[in-house]
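The structure is shown first, and the description follows.

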Amino acid sequence: MQFSNEVDWSWFDFVIMGIVLLLLGLGISTISKSVKLRHKRYLYYFFIIALFLILWAELAVGVFGSPFAGN
């Protein structure tokens, strides 16, 4: 929003993204503390990061056309 007028985020968008990033961090922290086997830990990391990226893409541009995508 500082460099272009094409981005139109409200304060609510920043709050939602902050919550999503907080949940990602808490999820990774929980996985790293609770899962002892390295290969399972990496698999869980992959799934939580993939879920984050899918959610991010959906909220940003509405890839899947869900009702909470914005438009």
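## A buried tyrosine

Tyr 45 lies in helix α2, in a model that is predicted. With a relative accessibility of 19%, Tyr 45 counts as buried, because the cut-off for that class is under 20%. Leaving aside its neighbours within four places in sequence, Tyr 45 is in contact with Ile 28, Ile 31 and Ser 32. The C-alpha atoms of Tyr 45 and Gly 27 are separated by 8.6 Å, although the two residues are 18 places apart along the chain.

## Packing of the two helices

Helix α1 covers residues 11-34, and helix α2, covering residues 38-61, packs against α1 at an angle of about 175 degrees, with the axes 10 Å apart. The two helices are therefore roughly antiparallel to each other. On the α1 side, the residues that make the contact include Ile 16, Val 20, Leu 24, Gly 27 and Ile 31, while those of α2 include Arg 41, Tyr 45, Ile 48, Phe 52 and Trp 56.

Between the C-alpha atoms of Thr 30 and Glu 58, which are 28 residues apart along the chain, the separation is 25 Å.

Leu 26, another residue of α1, is partly exposed, with a relative accessible area of 47%.

Definitions and conventions. Residues are numbered from 1 along each chain as its sequence is written. This is a predicted model: local features need pLDDT of at least 70, side-chain atom pairs count only at pLDDT 80 or more; totals for chains, interfaces and linings use all residues. Side-chain values use heavy atoms; hydrogens and water are left out. Helices (H or I, at least four residues) and strands (E, at least two) are DSSP runs, numbered from the N terminus. Buried means under 20% relative accessible area, exposed over 50%, partly exposed in between (1.4 Å probe, protein chains only). Axes are lines fitted to C-alpha atoms, for helices over the stretch in contact, and angles run from 0 to 180 degrees between N-to-C directions. Angles under 35 degrees count as roughly parallel, over 145 as roughly antiparallel, 65 to 115 as roughly perpendicular and the rest as oblique. Contact means heavy atoms within 4.5 Å.
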